[in-house]
Amino acid sequence: MTLTYDPQNIFARILRGEIPNKTVKETAHTLAFHDIRPLAPVHILVIPKGAYVTFGDFAAKASAEEIADFHRTCAAIIAEAGLDAGYRVISNAHDHGGQEVPHYHLHILGGAALGPMLAR
Ligand code: AMP
């Protein structure tokens, strides 16, 4: 397992403005945008602007200010997206987690009943 950050990953390119995105919210340390292949009526990705690979990498290395900004932004999105009936937050990490893009992100999913947590 490597935590070497690849600056050519697609979310790094979005952060540099090289690829467009449908922005939901942007703060000093955080960007949120609509997933390009939504798996639910609401499917928003939240990413830190810093170069972190996974949840564990971000939780271990980000500053308190980055961590607070990221989670407050998630809370604002959840409040504004009309998810009163419920939602799910997922973060995939590395191979076993099925991570496709090696820049830490949370998926915020909702807008319909999401079914079981994992397919069996
Ligand atoms: P993960 O498997 O957790 O790494 O999820 C990566 C997510 O990024 C997938 O749900 C993709 O649909 C999404 N994605 C990939 N490229 C883009 C893009 N250019 N804009 C928005 N979402 C994207």
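Modeller: Let us begin with charge. The 10 positive and 12 negative charges of the chain have mean positions 4 Å apart. Lys and Arg count as positive and Asp and Glu as negative, while His and the chain ends are not counted; each charge is placed at NZ of Lys, CZ of Arg, CG of Asp or CD of Glu.

Biologist: On what basis are such values given?

Modeller: This is a predicted model, in which local features need pLDDT of at least 70 and side-chain atom pairs count only at pLDDT 80 or more, whereas totals for chains, interfaces and linings use all residues. Residues are numbered from 1 along each chain as its sequence is written, and side-chain values use heavy atoms, with hydrogens and water left out.

Biologist: In what order do the elements of the chain run from the N terminus on?

Modeller: Helices (H or I, at least four residues) and strands (E, at least two) are DSSP runs, numbered from the N terminus. Here there are four helices and five strands, in the order α-β-β-β-α-α-β-α-β. The radius of gyration is 14 Å, close to the 14 Å from the globule rule for 120 residues, so the chain is as compact as a globular protein of that length. That radius is taken over C-alpha atoms, and the rule is 2.2 Å times the number of residues to the power 0.38. The C-alpha trace spans about 35 × 35 × 30 Å along its principal axes.

Biologist: What percentage of the 120 residues in the chain is buried?

Modeller: Buried means under 20% relative accessible area, exposed over 50%, and partly exposed in between (1.4 Å probe, protein chains only). Buried residues make up 35% of the 120 residues.

Biologist: Which residues of strand 5 lie on each side?

Modeller: Strand 5 covers residues 106-110; five of the five are buried, so this strand is largely enclosed by the rest of the structure. L106, I108 and G110 lie on one side and H107 and L109 on the other, and all are buried.

Biologist: In which sense does strand 3 pair with strand 5, and over how many bridges?

Modeller: Two strands pair if DSSP finds at least two bridges between them. Strand 3 (residues 42-48) and strand 5 are antiparallel, with five bridges; I44 faces I108 across this pairing, and V42 stands opposite G110. Strand 4 (residues 87-90) also runs antiparallel to strand 5, joined by four bridges, with R88 opposite L109.

Biologist: How many residues of strand 3 are buried?

Modeller: Seven of its seven residues are buried. V42, I44, V46 and P48 are on one side, and H43, L45 and I47 on the other. Strand 3 also pairs with strand 2 in the antiparallel sense over five bridges, where F33 stands opposite L45.

Biologist: Is L31 buried or exposed?

Modeller: L31, in strand 2 (residues 30-34), is buried, with a relative accessible area of 4%. Contact means heavy atoms within 4.5 Å. Leaving aside neighbours within four places in sequence, L31 is in contact with several residues, including I14, L15, L45, V46 and I47. L31 and V46 are 15 residues apart in sequence, and their C-alpha atoms are 5.9 Å apart.

Biologist: Which residue has a positive phi although it is not a glycine?

Modeller: H94 has a positive phi of about 55°; this residue belongs to helix 4 (residues 94-97).
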